[in-house]
Amino acid sequence: MPSSPKSFNARTSPPATRPTRSTRLIFSALLTFAIASFLFALSSFLSSGGSGYRCKSSDPRSVRVLWDRTGNVNNGGASGDDDNGTNRHKVMGFVGIQTGFGSAGRRRSLRKTWMPSDRQGLQRLEEATGLAFRFVIGRTNDKSKMAELKKEVAEYDDFILLDIEEEYSKLPYKTLAFFKAAYTLYDSEFYVKADDDIYLRPDRLSLLLAKERSHSQTYLGCMKKGPVFTDPKLKWYEPLSYLLGKEYFLHAYGPIYALSADVVASLVALRNNSFRMFSNEDVTIGAWMLAMNVNHEDNRALCEPECTPTSIAVWDIPKCSGLCNPETKLLELHQKDTCFNSPTLPSDDD
């Protein structure tokens with residue numbers, strides 16, 4: 001009589017084989033290794049932002065500060081790679097003096113007049129006025145010029161070098177790069193663009209920037225309007241004149257103007273290709289300001305043709321865009337009591 005399935009299985013199934021101790025040890029080791037490998041891969045993935053690699057800027061024209069002062073990207077704890085601004089050097093105003101490779105003579109004259117020629121002098125000026133001053137320059141493929149610039153940087157310790165080609169036709173791009181670099185390095189209430197061929201009174205500029213303002217977005221300068229140059233033979237020719245009409249909108253003269261922190265923050269936040277670049281730098285900045293909700297603050301003390309008890313910036317307006325023959329004129333002005341020794345007087349609206 002055939003056995004029941006239950007009886008058959010019970011009698012004919014081979015005895016269960018238990019794993020040996022060595023087998024259990026091998027299996028445990030393999031399981032531990034697999035778990036460890038998974039955790040390491042997960043940790044690497046998360047630390048890279050969940051994408052397997054660290055993100056880089058998608059904008060190849062993003063400003064990079066190569067040198068700040070003596071060749072480091074560090075100034076007062078600031079880092080050129082620090083975008084959150086937590087380590088930026090705190091000042092009331094940062095003044096970037098735009099200069100070029102052919103302007104070594106101008107820089108020598110400036111260091112003998114209103115801008116100190118040594119680090120200690122710059123520090124004392126910053127403590128007295130709340131203003132930090134640095135020369136701002138781009139780069140060139142000319143190795144001999146770059147070598148000379150490096151020597152000057154090492155000697156005077158007063159530069160910021162931008163990773164952008166130093167060329168007159170690219171001044172609008174350099175200006176945008178300057179504001180982005182300045183904002184990265186300095187936590188400032190105002191960012192001032194100044195040329196290297198004007199005579200400046202830092203004490204009076206400090207008082208102007210320190211004034212209380214009801215508008216947080218301020219565009220401060222010596223404002224002007226004028227005809228748009230449509231003749232290619234003229235120096236100020238504007239190829240995009242068809243977009244502008246016959247007269248420029250209100251904008252500041254280029255030798256010196258200032259933007260408040262909120263304005264610069266807006267510029268930094270926008271992608272470079274969001275900006276329209278005109279041929280002239282001052283017009284370009286004015287166009288950006290026209291598109292933003294800024295307060296245009298006109299101050300004629302920023303464009304005086306001669307030194308007065310209230311002048312802040314002196315240059316040969318309208319004859320030259322700056323001082324004519326600045327290397328000599330800067331030294332001459334500095335010898336005049338009305339320029340260097342005259343006391344700072346309160347303005348009418350103080």
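Predicted model: local features only at pLDDT ≥ 70, side-chain atom pairs only at ≥ 80, totals over all residues.
Biologist: What does the chain contain in helices and strands, and what share of its residues counts as buried?

Modeller: The chain has 11 helices and 12 strands. Of its 350 residues, 45% count as buried, the cut-off being under 20% relative accessible area.

Biologist: What makes a group of residues here a nonpolar core?

Modeller: Its members must be buried residues of the nonpolar kinds, joined through side-chain atoms within 4.5 Å. The largest such core has 44 residues, and those touching the most other members are Ile97, Trp114, Phe133, Tyr199, Leu200, Leu209 and Ile256. Strand β5, residues 131-139, gives the most to this core, with four residues. Apart from this core lies another, of 30 residues, including Val91, Met223, Leu267 and Met277.

Biologist: Which residues is isoleucine 256 in contact with, leaving aside its neighbours within four places in sequence?

Modeller: Contact requires heavy atoms within 4.5 Å. On that count isoleucine 256 is in contact with Val192, Lys193, Ala194, Ile198, Leu200, Gly221, Leu302 and Ala313.

Biologist: Why is strand β10 described as largely enclosed by the rest of the structure?

Modeller: Strand β10 covers residues 251-260, and nine of these 10 residues are buried, so the rest of the structure largely encloses the strand.

Biologist: How do you know that β10 pairs with strands β7 and β9?

Modeller: Two strands pair if at least two bridges are found between them. Strand β7, residues 186-195, and β10 have five bridges, in the antiparallel sense. Strand β9, residues 218-224, is also joined to β10 by five bridges, and these two run antiparallel. Both pairs therefore meet the requirement of at least two bridges. As examples, tyrosine 191 has leucine 259 of β10 as its bridge partner, and leucine 220 stands opposite alanine 258 in β10.

Biologist: What makes a space inside the structure a cavity?

Modeller: The structure holds one cavity of 30 Å³ or more. About 60 Å³ of space lies in the largest cavity. Its lining has 10 residues, of which Arg119, Leu122, Gln123, Glu126 and Arg134 are the closest to its centre.

Biologist: Which element supplies the largest share of that lining, and what classes of residue does the lining have?

Modeller: Helix α4 supplies the largest share, five residues. Both α4, residues 119-129, and β5 supply at least two residues each. By class, the lining has five nonpolar, one polar and four charged residues.

Terms used:
Residues numbered from 1 in each chain as written. Heavy atoms only, no water. Buried < 20%, exposed > 50% of the residue type's maximum accessible area, 1.4 Å probe, protein only. 1 Å grid on protein atoms, 1.4 Å probe; cavity = no way out; pocket = protein on both sides within 12 Å on 5 of 7 lines; lining within 4 Å. Points joined across faces, edges and corners; volume = space filled by probe spheres on them. Nonpolar A, V, L, I, M, F, W, Y, C, P; charged D, E, K, R; others polar.
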